[in-house]
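Trainee: Hey, could you walk me through this one? I'd like to start with a strand and then zoom out.

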Protein chains: 2
Amino acid sequence: MGAPMCQCLLRTGFNLTVWNRSVGKARALGPDGATVAGTPVDAVRDAEILITMLKDGPVVEEVVFGMGVAEALRPGAIHIDMSSIGLDEAVEHGRSHAQRGIGYLDAPVSGGTKGATSGELAIMVGGDADTFQSLIPVFEVMGRPTHVGPVGCGQLSKLANQVIVAITIGAVSEALILANAGGADCGSVRDALQGGFASSRILSEHGLRMVERNFEPGGPAKFQVKDLVNALKAAERLNLDLPITKLLHRLFNDMVESGGADLDHSALITHLEKFSGSDY
Amino acid sequence: MGAPMCQCLLRTGFNLTVWNRSVGKARALGPDGATVAGTPVDAVRDAEILITMLKDGPVVEEVVFGMGVAEALRPGAIHIDMSSIGLDEAVEHGRSHAQRGIGYLDAPVSGGTKGATSGELAIMVGGDADTFQSLIPVFEVMGRPTHVGPVGCGQLSKLANQVIVAITIGAVSEALILANAGGADCGSVRDALQGGFASSRILSEHGLRMVERNFEPGGPAKFQVKDLVNALKAAERLNLDLPITKLLHRLFNDMVESGGADLDHSALITHLEKFSGSDY
């Protein structure tokens with residue numbers, strides 16, 4: 001998702017230096033106007049703003065705090081981490097940066113590659129409100145930013161987002177299983193429901209996948225399990241019992257363990273069908 | 001919901017005769033151009049189309065088959081039942097009408113009084129495809145009709161709709177409980193998520209109720225339990241096991257039994273908070 005986000009920034013005229021572990025991915029942005037750096041430290045040396053979009057918390061830790069990036073940032077610079085990482089990791093990264101006079105916002109996104117390409121990501125931002133305000137012009141190039149609270153709250157909102165996504169996929173799955181078993185046309189049911197209280201982006205996009213039996217990811221089920229594990233960890237630390245999230249974690253985990261790890265998460269419907277003895 | 005649906009029909013110029021058990025409700029439509037009938041039989045005697053919008057299956061049974069309405073309809077007339085009733089009841093009503101040469105469509109709706117007023121209901125229609133085609137101009141006055149399969153499939157789609165609504169309310173509840181417990185601003189989280197994959201009409205409307213702690217119904221929790229009981233009955237008859245629907249039935253039922261029957265179904269969040277020991 002980093003590439004289309006960079007292209008949004010370049011199109012708007014931002015002065016952008018890029019680095020990627022796979023040098024080809026960085027070089028591909030050269031023709032669009034990006035300066036390609038040889039190392040992460042070279043990329044950030046003169047930067048006012050560092051934006052990271054990495055796999056998870058340990059990778060952010062390694063690149064930013066293990067490869068000299070944090071030390072190379074000039075005081076007053078701001079690190080916007082748009083990766084989805086753990087709540088505790090974000091809080092810890094913010095604290096480390098603060099000791100060096102570096103600003104920090106955790107700003108994970110929802111909307112997928114499609115949203116990144118069209119500059120329509122939902123961006124959930126935690127951190128200092130004034131810092132957020134000053135960076136709205138940067139965020140708005142990539143999507144719709146919302147300040148949700150202090151450092152870590154962006155990640156917390158992303159977890160909340162993933163909880164809703166996982167459970168809603170379960171909801172649409174059981175609804176279509178019921179409709180199909182009773183002789184209704186699932187594609188038509190999806191169309192019909194899209195106009196009422198059941199309407200959602202999941203019904204629209206993942207519901208269509210279920211109707212078409214197209215489970216090429218998209219969002220692989222194994223990542224859904226990772227997100228739900230992180231949500232349940234956060235819940236446990238906050239002494240919360242979330243019974244529906246727990247059930248969905250169990251269902252997605254069973255699906256992954258029975259061979260569905262790399263299918264799109266909408267393939268939960270096939271797991272629930274087996275469970276149900278339904279012959280979709 | 002019958003009154004705003006009648007007003008949509010009257011505005012478009014349909015010739016409408018109305019009857020309601022509470023005569024005042026029928027008379028209120030007089031100034032808009034409706035003919036007010038003294039009995040259900042008087043209402044349908046010359047009708048090409050009978051539309052019913054009643055509480056449940058037994059009430060439809062009583063009015064249509066217990067008060068002489070079915071016998072008073074002229075052959076070739078069509079009964080459109082827009083009430084939410086049981087799958088088996090719809091199939092049985094269709095069969096009874098067919099024996100007298102009366103057409104029948106089951107056509108329950110989603111979208112609430114708001115959707116009925118603006119003529120934007122989602123209308124899920126089961127029955128003969130040609131009969132459906134011929135009545136599209138009537139349905140389109142009230143909303144967006146979709147033919148979903150043979151008789152009964154409209155009711156099945158409505159159950160599918162209610163399954164999604166119930167589970168999605170649970171999803172939004174747990175997501176907001178998590179965000180709130182971790183120090184995020186729930187109103188901002190709802191705003192932020194509305195742009196991404198978690199976006200839904202439930203997040204928008206019921207999420208706002210949860211943020212504002214406004215649990216005046218709306219849709220009372222006791223009706224949500226009734227809908228889930230009907231969905232689970234249909235599932236059982238079709239030999240389906242729907243674990244998420246079952247869990248939501250249990251949660252809503254607990255909520256109703258602990259005093260929440262007449263709160264809006266979005267108040268599930270308060271029940272889950274107690275459950276969680278969360279201090280929203």
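Mentor: Buried takes 20 or more other C-beta atoms within 10 Å of a residue's own, exposed 12 or fewer, partly exposed in between, with C-beta atoms placed from the backbone. Strands (E, at least two residues) and helices (H or I, at least four) are DSSP runs numbered from the N terminus. The model is predicted: local features need pLDDT of at least 70 and side-chain atom pairs 80 or more, while totals for chains, interfaces and linings use all residues. Residues count from 1 along each chain as its sequence is written, and chains are lettered from A and ligands numbered from 1 in the order written.

Trainee: Which strand is joined to β5(B), and by how many bridges?

Mentor: Strand β4 (residues 78–81) of chain B, parallel to β5(B), by 4 bridges; pairing takes at least two DSSP bridges. B:Asp81 has B:Asp106 as its bridge partner.

Trainee: New topic: how much of chain A is buried?

Mentor: 55% of its 280 residues. Chain A has 14 helices and 8 strands, and its C-alpha trace spans about 65 × 45 × 35 Å along the principal axes.

Trainee: What superposes chain A on chain B?

Mentor: A rotation of 180° with 0.0 Å of shift along its axis, RMSD 0.1 Å, fitted by least squares on C-alpha atoms of residues with pLDDT of at least 70 in both copies. So the two copies are related as by a two-fold rotation axis.

Trainee: Which residue of chain A comes closest to the axis?

Mentor: A:Ser200, at 1.9 Å (C-alpha).
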